[in-house]
Amino acid sequence: MRTLTVELGTRSYPIHIGSSLLNDPDLYRPHVRGSQVMIVTNETVAPLYLEPVRQALDGLHVREVILPDGEVYKTLEVWNRIFDALLAERFARDCTLIALGGGVIGDMTGFAAACYQRGVDFIQVPTTLLAQVDSSVGGKTGLNHPAGKNMIGAFHQPRAVIADTDTLGTLPQRELSAGLAEVLKYGFIRDAEFLDWLECHMTGLMSRDPDTLAHAIQRSCEVKAQIVAEDEFESGSRALLNLGHTFGHAIETGVGYGEWLHGEAVGAGICLAAALSARLGWLTEAEVERTHRLIAGAGLPTGRPADLAPERMLELMAVDKKVLAGQLRLVLLKQLGEAVVTSDFDRDALAHVLA
Ligand SMILES: NC(=O)c1ccc[n+]([C@@H]2O[C@H](COP(=O)([O-])OP(=O)(O)OC[C@H]3O[C@@H](n4cnc5c(N)ncnc54)[C@H](O)[C@@H]3O)[C@@H](O)[C@H]2O)c1
Ligand SMILES: O=C(O)C(=O)C[C@@H](O)[C@H](O)[C@H](O)COP(=O)(O)O
Ligand SMILES: [Zn+2]
């Protein structure tokens, strides 16, 4: 097992990464204050992984709420079921929520923990690659609105992250690729050497070689933990973690939640961000081609959906959370391995890359 720490000024929490962690009581117990524990999971993950987590919590008052599976259910209505369960069982302020699943479950559970009785503890137990490298770390939680992704939410940090890499064995290949989009993102924004390493090891990652995956997860969490430690509430450098997301969120909303996976939309978004960076003279055409090769090599799309018109994409991008004083800001690439947040592009250049 490898353990990293997310340092947040006066607080910190561990990220445990390794094999056979799900049923290890020692990883959960230090972070459970009272005796009441609510495991939040979904109908796909529950039959696979609920039992070992229950075993780890043996002796505590454990209940579970099993939500329907899918991005389309990351809504206020479905989220409310978590409160129904907590209130039906008279859960108190010292209870702990456990998010067992991918990023959808993590975001919904974390937001419920932020709001229940004005804030209770929660532990992230991510079971997708995307959740292990990104969504379980850093405390962004929330829900979708028909008008935009993650538009309702809160920052609420978990007490611990327990990433059992064995769970990746049951993950569909399309979901593995989606997770690789966020892994590649870390290389693009801050670590050119990691990007080179990913280029050399893409075959091992796609075939789930355990050591190769473990290294990619560890390096991704290191970069994310470092950025979150710098800027927990996204007033500066944390926005770099949004590379490809202004385009990606517009795609996800535009085609209908769940039609394109988050990671697929981010992969395409990174390619669009690279193309715009080249229009500004920051990247060469060869670097844009390399970006496409990396994204395609991870089994991801490299452009917007053919049936989502550029004008509609622009409309959807205008509701991005990074918009400041009415001006769209994007994360673009100064070079491969260095990102910036900028509004220093003109509408024509943006329209050109979307065309
Ligand atoms: N909070 C953040 O910082 C952050 C970061 C990145 C993404 N996100 C959000 O995360 C979500 C995407 O997360 P995701 O890619 O994990 O998708 P997901 O949560 O929908 O999970 C993907 C699919 O895999 C299934 N699954 C989960 N674990 C499995 C396993 N071990 N074996 C088999 N199937 C399994 C799920 O049931 C689901 O069908 C999006 O809503 C995105 O906005 C949040
Ligand atoms: O942790 C962050 O900060 C991120 O931006 C990580 C992203 O991968 C993630 O998709 C996040 O949910 C996007 O946040 P949003 O603020 O653009 O909704
Ligand atoms: Zn993301």
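Domain bounds here come from an automatic or database domain assignment. The model is predicted. Domain 1 spans residues 2-170 and domain 2 spans residues 175-354. Both domains give residues to the shell around ligand 1, so the ligand lies between them.

The shell holds 28 residues. Asp69, Thr127, Thr128, Lys149 and Thr170 are the closest to ligand 1. By class, 11 residues of the shell are polar, 10 are charged and 7 are nonpolar. Several polar atoms of the protein face atoms of the ligand. Asp69 places a polar side-chain atom 2.7 Å from an oxygen atom of ligand 1. For Thr127, a polar side-chain atom lies 2.7 Å from a nitrogen atom of the ligand. The backbone also takes part: a polar backbone atom of Lys140 is 2.8 Å from a nitrogen atom of ligand 1. Taken alone, ligand 1 exposes 860 Å², and the protein buries 90% of that.

The nonpolar interior was examined next. In soluble globular proteins, nonpolar side chains tend to be buried together. The largest nonpolar core of this model has 74 residues. Phe188 and Leu350 have the most contacts inside this core. Helix α10 (residues 262-279) gives the most to the core, with 10 residues. Domain 1 (2-170) and domain 2 (175-354) both give residues to this core, so the core lies between them. Ligand 1 likewise lies between the two domains.

Technical notes
Residues are numbered from 1 along each chain as its sequence is written. Chains are lettered from A and ligands numbered from 1 in the order in which they are written. This is a predicted model: local features need pLDDT of at least 70, side-chain atom pairs count only at pLDDT 80 or more; totals for chains, interfaces and linings use all residues. Side-chain values use heavy atoms; hydrogens and water are left out. A residue is near a molecule or strand if one of its heavy atoms lies within 4 Å of it. A polar contact is a pair of N or O atoms within 3.5 Å; within protein, one must be able to donate a hydrogen and the other to accept it, and residues adjacent in sequence count only if both atoms are side-chain atoms. Accessible areas come from the Shrake-Rupley method with a 1.4 Å probe; for residues, only the protein chains shown count as cover. Ala, Val, Leu, Ile, Met, Phe, Trp, Tyr, Cys and Pro count as nonpolar, Asp, Glu, Lys and Arg as charged, and the others, Gly among them, as polar. A nonpolar core is a set of buried Ala, Val, Leu, Ile, Met, Phe, Trp, Tyr and Cys residues joined through side-chain atoms within 4.5 Å. Buried means under 20% relative accessible area, exposed over 50%, partly exposed in between (1.4 Å probe, protein chains only). Helices (H or I, at least four residues) and strands (E, at least two) are DSSP runs, numbered from the N terminus.
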